Amino acid sequence: MSEITLPSVTTAKGDLWVFGYGSLMWRPGFAFEERVPARLVGEHRALCVYSFVHRGTPEQPGLVLGLDRGGACRGIAFRVAEKDRAEVVAYLRAREQVTSVYREVMRSVWLENEARERVSALAYVVDRGHVQYAGRLSFAEQHRHVLQGHGQSGANRDYVTATVKAIEAEGFRDTQLHQLAMMLHGEAHLPHAQAPDENRDSR
């Protein structure tokens, strides 16, 4: 269990930073004191997790985001007050680790505020050894899973659309997610081959 959760994260002193890169960007679901655009280096955002609960089922898996190794990721850092730390961590564990596909880690993130400071933030990184790790799927495979996916939190396509809108609201783009969203709305066709990871350094 030590690989999945950080025992000290609930008892450490001071405020807690949480890094959101997918649904946490548009539906954090917890109390926070501050919300700051941030960048994490060393992992990138990818649709690399088969969803068996929130956006799909084991019989018809959906596809959700994970932090996978390499590159960088732009997202949101939330500052949680020390008094709320234990409650927020418990909430995140119940939400993110229902099937233990994510590893709970602390990562350095750079806040995109006036101070440009670096903080240590709680983040959920995909476990590559887990059965739900999808790896790098083709656009056709991503499209198929997102179209079929529907779970406890709703339709998979709504998850992708909401995440794209949240990314746009922060003033940047994620090329692959944006193209998938356009395909879901019939505004683009499937590419003939999997697109290269051209924005790996800007995620």
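**View 1. The packing partners of helix H2 in this predicted model.** The buried residues of H2 make contact (heavy atoms within 4.5 Å) with strand S1 (16-20), helix H1 (23-26), strand S3 (62-80), strand S4 (102-111) and strand S5 (118-126). Helices (H or I, at least four residues) and strands (E, at least two) are DSSP runs, numbered from the N terminus. Residue numbers start from 1 along each chain as its sequence is written, and side-chain values use heavy atoms, with hydrogens and water left out. As the model is predicted, local features need pLDDT of at least 70 and side-chain atom pairs count only at pLDDT 80 or more, whereas totals for chains, interfaces and linings use all residues.

View 2. Which residues of H2 are buried? They are Arg-85, Val-88, Val-89, Leu-92, Arg-95 and Glu-96, where buried means under 20% relative accessible area, exposed over 50% and partly exposed in between (1.4 Å probe, protein chains only). An α-helix has 3.6 residues a turn, so residues three or four places apart point the same way. On the face turned away from the buried side of H2, look for the exposed residues Glu-87 and Ala-94.

**View 3. Helix H2 from end to end.** The 12 residues of H2 (residues 85-96) should span 16 Å at 1.5 Å a residue, and the end C-alpha atoms are 16 Å apart, which agrees. The expected span is 1.5 Å times one less than the number of residues.

**View 4. An aromatic cluster.** Here you can follow ring pairs that link Phe-30, Phe-32, Phe-78 and Tyr-91 into a cluster. Rings of Phe, Tyr and Trp (its six-membered ring) pair if their centres lie within 6.5 Å; planes under 30 degrees apart count as stacked, over 60 as edge-to-face and the rest as tilted. By this rule there are six aromatic pairs. The rings of Phe-30 and Phe-32 have centres 6.3 Å apart and planes at 75°, so this pair is edge-to-face. Phe-30 is buried, at 10% relative accessible area, while Phe-32 is partly exposed at 34%.

**View 5. Positive phi in two loops.** Ser-100 sits in the loop between H2 and S4 and, although not a glycine, has a positive phi of about 60°. Its relative accessible area of 28% makes Ser-100 partly exposed. In the loop between S4 and S5 you will find Arg-116, a residue other than glycine whose phi is positive, near 50°. Arg-116 is exposed, with a relative accessible area of 56%.
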